[in-house]
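Have the sequence and the 3D view open side by side, and let us walk through them together. We will start with charged pairs and then move on to other places worth a look.

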Amino acid sequence: MGRITEDLIRRNAEHNDCVIFSLEELSLHQQEIERLEHIDRWCRHLKILYLQNNLIGKIENVSKLKELEYLNLALNNIEKIENLEGCEELTKLDLTVNFIGELSSIKSLQHNIHLKELFLMGNPCADFDGYRQFVVATLHQLKWLDGKEIERSERIQALQDFPVIEQQIREQEEAYFLRRAKDKEEAQRRLQEEREEEPEEGRPGAGGRCSSSLENHEYLQAQGMQDGEQNKKKLADSEDDLGFWNKPSLFTPESRLETLRHVEKQRKDQERLREKKKKVKPPRTLITEDGKALNVNEPKLDFSLKDDEKRNQIILDLAVYRYMDTSLIDVDVQPTYVRVMVKGKPFQLVLPAEVKPDSSSAKRSQTTGHLVVCMPKVGGVIASGQQTSKPVKCTPDSSREQTNKSCYRSKPTEKLEVDPSKHSFPDVANIVQGETHVPRRVRSEPKIIPSEEDPDFEDNPDVPPLI
């Protein structure tokens, strides 16, 4: 059963930034609330209050809502109109489908001078003879009753017949009170019988979980027995449920509470069956008895496993849900396998080579949300990213500088023996000489000697050579 709490009001006050002291409209319908409380202290500026379809049995704790204009209490267990005198600005009151049999209690609404609309349809008092005339004659300020406008002539006629109608209403109320007392006794008796017939059930969670050493044949046998018990119980519950809904019942607050208890019992039974199924479920085998790890993908996630020979490591890319919180992921890297727990479900993969757990790393992609686990291999050499220089052949036709460089590159491990008396590096102090400086000359071009085989060639010594 529900209760009115501060948290409940704040959750229904999002339109007011969850501020409740200045709240003007509040909707608490279908919350299984049994009692009106706290609203008159926490929300004093309310103008509209929706409380329909609950289990409220009495109107109370609303007299301090001086600004309240509309109160909806339809589909509740109210049997009497009371405690609304303090709602000075009340304009509309909805009490549709309640259990109001004391029609004379509407006299308490005479103090609500601004009340214009009243709904009482679906109540036992609406079946009384002279019901509408009595209400019209009692509440002079009323303009609409059960959605129908009150005519001036109707009010004059009701006021003329009021003494006779009042006597009829009083007699019908007395008869209703007698029937209501019998209904209460019958409801109490049936409730007592149900409590006596209800079998004692063990507390949920009394049985322990299945141990990891449960054998397969024992598990199958236990599962078969429980399936049989569950089928029998389901059949019995379906018969009881069918009998409950086919059984005639009176229109009373007790019948509504009985229906609610029945629905609540069914819900608890279903939850208990689900808990038993969870307990009977066999444990997931991740490692066999001989210590062999198995491949498991219980969360059913896509993945890829790459062997990066360049960096000598194994990379696991697991496609976990993009918007899932990282705190729900647990990574465990072992030398021969990797295990990832995703929301309690295991993902385990056997690795093709032994890795170093201490040097492994795990991170999530900021774009896709995938989990990337990098696991370095054991006993490998990481290949260099730079290409090794290839040996160059020394040719006799190449220049001396190129020959020296290429031969030096081709034999990097050879060591030259140098005379220690000679310097193997230039003398920096004697690079520049003041007086003996020789200007740089342009390298002479090789002379082109014409071929003597040309018959028209004449060698003139006065002509300079061609460039």
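Predicted model: local features only at pLDDT ≥ 70, side-chain atom pairs only at ≥ 80, totals over all residues.

A salt bridge here is a side-chain nitrogen of Lys or Arg within 4 Å of a carboxyl oxygen of Asp or Glu.

Side chains of opposite charge can pair when their charged atoms come close. Asp 269 and Arg 272 are three residues apart in helix 7, so about one helical turn separates them. An α-helix has 3.6 residues a turn, so residues three or four places apart point the same way. Are the two partners buried or partly exposed? Asp 269 counts as buried because its relative accessible area is 14%, under the 20% cut-off. Arg 272, at 22%, is partly exposed.

Helix 7, which covers residues 253-280, has another pair of this kind. Arg 267 and Glu 264 meet through their side chains in a salt bridge of 2.2 Å, N to O. They too are three residues apart, and about one helical turn lies between them. In this pair Arg 267 is partly exposed, with a relative accessible area of 38%, and Glu 264 is partly exposed as well, at 27%.

Now for a pair that reaches across the chain. Glu 79 and Arg 180 form a salt bridge, with the closest N and O atoms 3.0 Å apart. This one links distant parts of the chain: Glu 79 sits in the loop between strand 3 and strand 4, while Arg 180 belongs to helix 5 (residues 162-197), and the two are 101 residues apart. Arg 180 is buried, at 6% relative accessibility, whereas Glu 79 is partly exposed, at 26%. Which residues make up the network of salt bridges that includes Arg 180? Glu 79, Arg 180 and Glu 254 are linked in it. By the rule given above, the count of salt bridges comes to 18.

With those pairs in mind, step back to the whole protein. It has eight helices and 15 strands. Of its 467 residues, 29% count as buried. The protein exposes about 33,300 Å², and carbon and sulfur atoms supply 50% of that area. If you look at contacts between residues at least 6 apart in sequence, 48% of them join residues at least 24 apart.

With a relative accessible area of 31%, Asn 83 is partly exposed. Leaving aside residues up to four places away in sequence, Asn 83 touches Lys 58, Ile 59, Glu 60, Val 62 and Ser 63. Take Lys 58 as an example: it is 25 residues from Asn 83 in sequence, and the C-alpha atoms of the two are 9.2 Å apart in space.

Most residues other than glycine have a negative phi, and most peptide bonds are trans. Asn 61, however, has a positive phi, near 60°. This residue is partly exposed, at 29% relative accessible area. His 38 also has a positive phi, near 70°, and its place is in the loop between strand 1 (25-27) and helix 2 (39-42).

Finish at the surface. Glu 24, Glu 67, Glu 69 and Glu 89 gather there in a patch of negative charge. One of them, Glu 69, lies in the loop between strand 2 (48-50) and strand 3 (70-72), and Glu 69 is partly exposed, with a relative accessible area of 37%.

Key
Residues numbered from 1 in each chain as written. Heavy atoms only, no water. Patch = residues over 30% accessible without salt bridge, like charges linked within 9 Å, V, L, I, M, F, W, Y side chains within 5 Å. Areas by Shrake-Rupley, 256 points an atom, 1.4 Å probe, with all protein chains shown as cover. Lys, Arg positive; Asp, Glu negative; His and termini not counted. Charge placed at Lys NZ, Arg CZ, Asp CG, Glu CD. Helix = DSSP H or I, 4+ residues; strand = E, 2+ residues; numbered from the N terminus. Buried < 20%, exposed > 50% of the residue type's maximum accessible area, 1.4 Å probe, protein only. Contact = heavy atoms within 4.5 Å.
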